[in-house]
Amino acid sequence: MGLPVAFGQFLYMSILAPQSFECFSHGEEQTERIGARLGELLPSGVVIALSGQLGAGKTHFARGIGFGWGAQQELRSPTFTMVQEHRRNRPGGLDRLYHIDLYRISNDSDLRSLGLDELIEDENAVVMIEWPERAPSAIPRGAIWVTMNPLSETRRQILFASIDAQNWLILLRLRKLVFGA
Ligand SMILES: Nc1ncnc2c1ncn2[C@@H]1O[C@H](COP(=O)(O)OP(=O)(O)O)[C@@H](O)[C@H]1O
Ligand SMILES: [Mg+2]
């Protein structure tokens, strides 16, 4: 005898928000490794919004993405330069990785001079944005959101979400790499 339909639906409904999952990191190296796994999966055109308070681990996560993506140089915090452009060793390759930090953005004219819209529209680039809350209207609706929450000195909750179907497939592949299932 099966479960009553309504009860069965309740049991198998996603416990978190739809199209999202979370994992936990126990240290900065682990955060970088999780980022690297995501970096390996990213095609050009994807926008990643990296959210979380100062010191949450956004830049460490971004560094991991750069490593997995194959950036020629290790990623450093772009807090002062605001945008750092990375390339990888691919003969004739056009692809780019933009690492953007909006922490110091205080108004729309800052955003315009940064050229954020053009960077986001670059179909040959993966675009990672720290402090996306500083430019909410510029972030595409379907972006991959990575939200980092410090739980202790070394533990972080990392929440992944996207309402875009293609990006959610990427996150499902990441979930498989992280949890092995
Ligand atoms: N699990 C963890 N993941 C990432 N960073 C961690 C972790 N545990 C401790 N840290 C520390 O937290 C800080 C995160 O710095 P950073 O990545 O620059 O954060 P953000 O870019 O969010 O301001 C670093 O000092 C790092 O050593
Ligand atoms: Mg940072």
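How many residues surround ligand 1, and which are the closest? The answer is 16 residues, and the closest are T31, G57, K58, T59 and H60. A residue is near a molecule if its C-beta atom, placed from the backbone, lies within 6 Å of it.

Before going on, note that this is a predicted model, in which local features need pLDDT of at least 70, side-chain atom pairs count only at pLDDT 80 or more, and totals for chains, interfaces and linings use all residues. Residues are numbered from 1 along each chain as its sequence is written, while chains are lettered from A and ligands numbered from 1 in the order in which they are written.

| Class | Residues in the shell around ligand 1 |
|---|---|
| nonpolar | two residues |
| polar | 10 residues |

Helices (H or I, at least four residues) and strands (E, at least two) are DSSP runs, numbered from the N terminus.

Now look at A56, in the loop between β2 (47-51) and α3. A56 counts as buried because it has 20 C-beta neighbours inside 10 Å; the cut-offs are 20 or more other C-beta atoms within 10 Å for buried, 12 or fewer for exposed, and partly exposed in between. Along the chain, A56 and E153 are 97 residues apart, yet their C-alpha atoms are separated by 9.8 Å.

Technical notes:
Nonpolar A, V, L, I, M, F, W, Y, C, P; charged D, E, K, R; others polar.
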